[in-house]
Protein chains: 2
Amino acid sequence: MSTPRATLRERMEAKGLRMTTQRRLLANLLEEAEEHLDADEVYRLAQTQDPQIHRATVYRTLNTLKKLGLVDELDLMHVNGDRHYYEVRPRKLHIHLVCMKCGDVQEPGGPVWDELKSRVRKETGFKPEMVRVEMGGECPQCQRRATPRAGEAS
Amino acid sequence: MSTPRATLRERMEAKGLRMTTQRRLLANLLEEAEEHLDADEVYRLAQTQDPQIHRATVYRTLNTLKKLGLVDELDLMHVNGDRHYYEVRPRKLHIHLVCMKCGDVQEPGGPVWDELKSRVRKETGFKPEMVRVEMGGECPQCQRRATPRAGEAS
DNA sequence: CTAACTGCAAACCTTTTGCATTGAC
DNA sequence: GTCAATGCAAAAGGTTTGCAGTTAG
């Protein structure tokens, strides 16, 4: 029952953007990305496919996509400095759990987050268009590592 | 029944920080602030009381307080560029609703947000220490302004 | 053909840092 | 007295911009 979703490229065309070689490249790259990429990572990945592509183009494209609501910008609690990360706008709101120790990022799903928008809308009249829910803390692995049972070997 | 909360200054002392004139000034300023201030606004406000205070001191102090969990850093969806905003860590999690049109920031309360942390903890094992819930969208006022009755009675 | 987009390089803006000096405890 | 915090100035880091040339529609 999942609505077959248009590709990012298609959605860009639908918005009337000029599909240059660079933009096609970036669209694929963002859609295929397994991790959250910052602008520089996007740039470097793009360069492996088109050595001529320029940083400014990457920044400009990311901004364009952001303004159109096709990608979301994340800060991930600034665990790695003040860069911004980008992800193709997901269908459902999800939360980012950022471990401040190891930098790991988890994205648990669940109905709470799905409810969030509609509740805000109902309770405040505010019309949410983009959502950024980020929690910084300690991931389960780091908690275990950090608390090696007060008196035990290694 | 509200627990009488220690002042920021007191909590800084409790953490063992050296209370310099500058830090006392900044602590008061942050606690009294009605709005979310960015580093530069904090700096300028501080300067009105102590013209000698240096930007670097402001940044360093804000970072110290952030690391100690006494203040939270916000991005407010970058409505006004990439500066960071600071607020004294509130007792309860609250969400920031940022109007992307007029820049207005609302902070609705409510039990949903209070639940958020404990649910994450329970459902994922992640231990949240700082929370940033920001939604960008359109505030009720801007919605009214933007939709001057397309053909309907309002 | 023309407006939109790109590459380039320089500028921008916020934040950080090394170092000598000052001041809190 | 000692070590942490400050002021200063310079640099860093990420991002933006003006301009001339290129390209999609």
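A crossing of two helices is right-handed if the near helix is turned clockwise from the far one by less than a right angle. The views below show close-ups of a predicted model.

**View 1. Helices α2 and α3 of chain B cross in a right-handed manner.**
Helix α2 of chain B covers residues 21-32, and helix α3 of chain B covers residues 39-49. The two pack at an angle of about 120°, and their axes lie 10 Å apart. That angle makes α2(B) oblique to α3(B). From α2(B), the residues in the contact are L25(B), L26(B), L29(B) and L30(B). From α3(B), they are V42(B), L45(B), A46(B) and Q49(B). Sorted by class, this contact has seven nonpolar residues, one polar residue and no charged ones.

**View 2. Helices α2 and α4 of chain A pack with their axes 11 Å apart.**
Here helix α2 (residues 21-32) of chain A meets helix α4 (residues 55-67) of chain A at an angle of about 65°. Angles of 65 to 115 degrees count as roughly perpendicular, so α2(A) is described as roughly perpendicular to α4(A). The crossing is right-handed. On the α2(A) side the contact is made by Q22(A), R23(A), L26(A) and L30(A). On the α4(A) side it is made by T57(A), V58(A), T61(A), L62(A), T64(A) and L65(A). The residues of this contact divide into five nonpolar, four polar and one charged.

**View 3. Three strands of chain A form an open sheet in the order β1-β3-β2.**
The pairing in this sheet is antiparallel. Strands β1 (37-38) and β2 of chain A are the edge strands, and each pairs on one side only. Two bridges join β1(A) to β3(A), and L37(A) stands opposite Y86(A) of β3(A). Four bridges join β2(A) to strand β3 (residues 85-88) of chain A. Y86(A) is also the bridge partner of E73(A).

**View 4. Strand β2 of chain A is covered on both faces.**
In a regular strand the side chains alternate between the two faces of the sheet. Which residues of β2(A) lie on each side? Strand β2(A) spans residues 71-74, with V71(A) and E73(A) on one side and D72(A) and L74(A) on the other. All of these residues are buried.

**View 5. Chain B has an open sheet of three strands in the order β1-β3-β2.**
Strands of a sheet pair through backbone hydrogen bonds, either parallel or antiparallel. In this sheet of chain B the pairing is antiparallel. The edge strands are β1 (37-38) and β2 (71-74) of chain B, each pairing on one side only. Two bridges connect β1(B) with strand β3 (residues 85-88) of chain B. The bridge partner of L37(B) in β3(B) is Y86(B).

**View 6. Residue M77(B) lies in the loop between β2 and β3 of chain B.**
M77(B) has a phi near 60°, a positive value in a residue other than glycine. Is M77(B) buried or exposed? Its relative accessibility is 8%, so M77(B) counts as buried, the cut-off being under 20%.

**View 7. Residue H78(B) also lies in the loop between β2 and β3 of chain B.**
H78(B) is not a glycine, yet its phi is positive, at about 60°. With a relative accessible area of 10%, H78(B) is buried.

Methods: Residues numbered from 1 in each chain as written. Chains lettered and ligands numbered in written order. Predicted model: local features only at pLDDT ≥ 70, side-chain atom pairs only at ≥ 80, totals over all residues. Heavy atoms only, no water. Axes fitted to C-alpha atoms, helices over the stretch in contact; angles between N-to-C directions. Parallel < 35°, antiparallel > 145°, perpendicular 65-115°, else oblique. Contact = heavy atoms within 4.5 Å. Nonpolar A, V, L, I, M, F, W, Y, C, P; charged D, E, K, R; others polar. Buried < 20%, exposed > 50% of the residue type's maximum accessible area, 1.4 Å probe, protein only. Pairing = 2+ DSSP bridges.
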